[in-house]
Amino acid sequence: KRRWRIGRQTDLSLRDDTPLKVLANFEPEEEYVLEPGDMLYLPPRYAHDGIAEGECMTYSIGFRSPKRGELAREVLQRLAEDADDLAGESLYRDAHQPAVADPAAIPGGLHEFAADALQRVLNDPDALARVIGEALTDPKPQVWFEASSTDVDVSAGVRLDRRTRMLHDERYIFINGEGFRAAGRDATLMRQLASLRVLGGRDVGRLSAGARELLIEWCEAGWLHPLPTEI
């Protein structure tokens, strides 16, 4: 059993004597005692404090929802890698700029040139969709995978490692921060793998040679695991 106190907070200041994020002035609104098998859902921005009543163990499950600024930073960083291709390499020109009395002032035309370059990068729907998917599936820094030390056989099927993040959109398959263009049957089956987190041997056999090779590479990296072969 564990006694939980929960509540929305107006004062979000934190204690400065602990490395954890602990509220300095926690004000509970409700209290519950959870017994074996019980589950407590906490909406966003609900604070909580739990005290065990006897021996107990609890599991915390978090739902990944990116912050606006966090997602913008990730997207911009990834778009920056392709900025030369997306924005072009045209030089800034000011052939009609008259002589100025203040040579240190940045001309307004340069501001417009920079804004146009940025807009060209952001306006590419294909690039934007790709980097969003890559950012959403990128593993957290503390997540690591064990590479396979043996030959991989995916003929019986594969399943995703529990740490693997795999998503898709209309054009791409995303897995652990990488994006791959997919179409036709390969796209359908890879989307099935992303949603069900497992792909049977019969479906693996329907993939193209290139897609099966990707499954082998992902298994070798520890992102996927082959299903046991039936005897």
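His48 counts as partly exposed, at 46% relative accessibility; in this scheme buried means under 20% relative accessible area, exposed over 50% and partly exposed in between, with a 1.4 Å probe and protein chains only. The model is predicted, so that local features need pLDDT of at least 70 and side-chain atom pairs count only at pLDDT 80 or more, while totals for chains, interfaces and linings use all residues. Residues are numbered from 1 along each chain as its sequence is written, and side-chain values use heavy atoms, with hydrogens and water left out.

His48 belongs to strand E3. Helices (H or I, at least four residues) and strands (E, at least two) are DSSP runs numbered from the N terminus. Leaving aside residues up to four places away in sequence, His48 touches Trp4, Arg5, Ile6, Phe26 and Leu42, where contact means heavy atoms within 4.5 Å. Val22 lies 26 residues from His48 along the chain, and the C-alpha atoms of the two are separated by 9.8 Å.

Most residues other than glycine have a negative phi. Arg45 and Arg197 are listed below with their positive phi values.

Helix H5 (residues 184-196) packs against helix H7 (residues 209-221) at an angle of about 30°, with the axes 11 Å apart. The axes are lines fitted to C-alpha atoms over the stretch in contact, and angles run from 0 to 180 degrees between N-to-C directions. H5 and H7 are therefore roughly parallel to each other, a term for angles under 35 degrees. Asp186, Met190 and Leu193 of H5 meet Ala211, Leu215 and Trp218 of H7. By class, this contact has five nonpolar, no polar and one charged residues; Ala, Val, Leu, Ile, Met, Phe, Trp, Tyr, Cys and Pro count as nonpolar, Asp, Glu, Lys and Arg as charged, and the others, Gly among them, as polar.

The structure holds four aromatic pairs, a pair being rings of Phe, Tyr or Trp (its six-membered ring) with centres within 6.5 Å. The ring centres of Tyr172 and Phe174 are 5.7 Å apart and the planes stand at 25°, so this pair is stacked, that is, with planes under 30 degrees apart. Both Tyr172 and Phe174 are buried. The charged end of Arg181 sits over the ring of Tyr172, 5.3 Å from its centre; this requires CZ of Arg within 6 Å of the ring centre and within 35 degrees of the ring normal.

Technical notes: Angles under 35 degrees count as roughly parallel, over 145 as roughly antiparallel, 65 to 115 as roughly perpendicular and the rest as oblique. Rings of Phe, Tyr and Trp (its six-membered ring) pair if their centres lie within 6.5 Å; planes under 30 degrees apart count as stacked, over 60 as edge-to-face and the rest as tilted.
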